Amino acid sequence: MLALVALVAFGCRRPKPSPDTLTVLTLADPEHLDPRFPEDALGAALGRLVYRGLVETDPTTFLTRPALAERLEYADATHLRVTLRDDARFQDGSPITAHDVAATYQSLLNPSLGSRLRSTYARVLDRVEAPDERTAVFTLKRPDGTLESLLQQPILRASDALRTELRATPGAERDFIGSGALRVESLHQGAWTFRRAAHEASAPDTIRVLSLHDPNTLAQRLLHGDGDVAEIKPELFSVFSARRDFTVASAPSAGFTYLGLHCESRYLRDARVRAAIAHAIDREHLRQGKLGHFGVAATGPLPPTHWAYAADVTRYPFDPPRARALLDDAGWPDPPGPAPRMRLVLRVASQRFALAVAHALSAMLMDVGVEVEIRPSELATLLADLRAGRFDMAFLTVPD
């Protein structure tokens with residue numbers, strides 16, 4: 001697996017004279033706010049500002065710390081007792097009880113609701129019960145070290161957890177009653193609006209999220225003062241970092257960009273071919289050319305700051321002669337003439353950055369005799385095809 005741990009970068013204008021509203025420009029429409037159905041990265045991020053979980057993670061070490069929970073106590077290796085804070089409240093003023101916690105997790109385990117998170121939680125959890133208002137008991141199927149990370153799951157009201165997905169559509173604003181910093185005010189398509197649940201001095205009370213689908217349009221709108229903050233893609237870093245009236249800020253994240261290989265495809269079922277692809281890719285060149293100092297080369301999906309990071313893993317340095325030798329050994333010699341050793345399909349999202357990296361990967365692999373057909377598509381189509389196995393390789397980014 002090829003991985004690059006990306007750093008999130010934002011371009012910010014100087015604060016407007018009135019701090020009442022902060023306008024955030026994005027390149028995608030947020031679609032899902034129900035935290036049980038995290039189908040898109042932006043919607044999931046906003047959902048975590050509307051809802052809170054029992055615990056949250058430190059943004060640097062990713063260790064958990066209490067949020068709605070007051071304390072966690074293991075009775076034994078498969079039973080965790082969670083005590084809720086007595087001041088935990090939903091935004092409508094109602095108390096957050098253990099029944100809300102149990103209902104939220106049971107909804108994730110319920111196959112009829114169809115949450116994509118079900119397989120993750122069902123692998124670990126047997127059941128979640130509420131013996132009293134402030135106590136939730138998690139029963140595991142077996143001891144599992146990932147349980148505390150699953151306790152980040154945002155908590156819904158029990159009445160909402162019994163429903164199918166809460167759709168983020170205009171008119172449904174009152175369905176989203178969480179316990180987070182933001183409350184939903186408007187879900188107008190392309191322009192979602194949130195208000196702070198509690199006023200903070202010198203901080204904007206209203207946050208507007210405007211979706212623009214083209215990086216150039218976003219840049220022009222930001223340059224003309226139509227937004228205060230925007231997530232900037234790598235191709236736009238230089239535009240804003242060179243201007244004195246903008247600040248480009250970045251922070252380490254757990255997001256990573258990688259090349260996924262379909263290990264059951266005709267060519268890639270052979271580990272020698274997969275290793276050859278890894279040796280044929282100049283990751284450092286990609287990092288410098290596409291992400292600059294905003295990205296770091298990774299040894300896997302966890303960043304070096306993560307508590308579970310381990311650097312002692314097999315590495316595949318850029319080595320085209322080694323790649324060619326591995327392909328020869330796997331039974332795919334370089335034929336005479338222009339014909340390639342093999343042809344692989346690379347699936348990518350139809351975004352400029354993804355396509356630019358895909359073409360660079362194609363050139364690197366062609367240098368060792370592997371021809372790559374790049375097939376871009378919208379994210380929904382791409383994910384559906386990946387789930388169905390219609391690919392050889394896929395260039396993807398996992399958000400923070």
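**Reading helices and loops in a predicted model**

Reader: Let's start with helix 2. Which of its residues are buried?

Author: Buried is a cut-off on relative accessible area: under 20% is buried, over 50% is exposed, and in between is partly exposed, with a 1.4 Å probe and protein chains only. In helix 2 the buried ones are Ala98, Asp100, Val101, Ala102, Ala103, Thr104, Tyr105, Ser107, Leu108 and Leu109. Bear in mind that this is a predicted model, where local features need pLDDT of at least 70, side-chain atom pairs count only at pLDDT 80 or more, and totals for chains, interfaces and linings use all residues. Residues are numbered from 1 along each chain as its sequence is written, and side-chain values use heavy atoms, leaving out hydrogens and water.

Reader: Okay. Why is helix 2 described as largely enclosed by the rest of the structure?

Author: Because 10 of its 12 residues are buried. Helices here are DSSP runs of H or I with at least four residues, strands are E runs of at least two, and both are numbered from the N terminus. Contact means heavy atoms within 4.5 Å. The buried residues of helix 2 pack against strand 6 (79–84), helix 3 (118–124), strand 7 (125–132), strand 8 (135–140), helix 4 (147–150) and helix 5 (158–161).

Reader: Now helix pairs. At roughly what angle do helix 8 and helix 10 cross?

Author: Axes are lines fitted to C-alpha atoms, for helices over the stretch in contact, and the angle between N-to-C directions runs from 0 to 180 degrees. Helix 8 (residues 271–280) and helix 10 (residues 320–329) cross at roughly 165°, with axes coming within 8 Å. Under 35 degrees is roughly parallel, over 145 roughly antiparallel, 65 to 115 roughly perpendicular, and the rest oblique. Helix 8 and helix 10 are therefore roughly antiparallel.

Reader: Is their crossing left-handed or right-handed?

Author: A crossing is left-handed if the near helix is turned anticlockwise from the far one by less than a right angle, and right-handed if clockwise. Helix 8 passes helix 10 in a left-handed crossing. On the helix 8 side you'll find Arg272, Val273, Ala275, Ala276, His279 and Ala280, meeting Pro320, Arg322, Ala323, Leu326, Leu327 and Asp329 of helix 10. By class, that contact has 8 nonpolar, 1 polar and 3 charged residues. Ala, Val, Leu, Ile, Met, Phe, Trp, Tyr, Cys and Pro count as nonpolar, Asp, Glu, Lys and Arg as charged, and the others, Gly among them, as polar.

Reader: And how do helix 9 and helix 11 cross?

Author: Helix 9 (residues 283–291) and helix 11 cross at roughly 150°, and their axes come within 11 Å. That makes helix 9 roughly antiparallel to helix 11. This crossing is right-handed. It is made by His285, Leu286, Lys290 and Leu291 of helix 9 with Phe353, Ala356, Val357, Ala360, Leu361 and Met364 of helix 11. The classes come out as 8 nonpolar, 1 polar and 1 charged.

Reader: Which residues of helix 11 are buried?

Author: An α-helix has 3.6 residues a turn, so residues three or four places apart point the same way. In helix 11, the buried ones are Phe353, Ala354, Val357, Ala358, Leu361, Ser362, Met364 and Leu365. Serine 362 counts as buried at 15% relative accessibility. Not counting residues up to four places away in sequence, serine 362 touches Val370, Val372 and Ile374.

Reader: What about serines in loops? Where is serine 202?

Author: Serine 202 is in the loop between strand 10 (191–196) and strand 11 (206–211). Its phi is near 60°, a positive value in a residue other than glycine. Serine 202 is exposed, at a relative accessible area of 78%.

Reader: One last pair. How far apart are arginine 195 and threonine 206 in space?

Author: Arginine 195, found in strand 10, is 11 residues from threonine 206 in sequence, and 4.5 Å from it in space, C-alpha to C-alpha. Leaving aside neighbours within four places in sequence, arginine 195 is in contact with Ala181, Leu182, Arg183, Glu185, Asp205 and Thr206. Its relative accessible area is 32%, which makes arginine 195 partly exposed.
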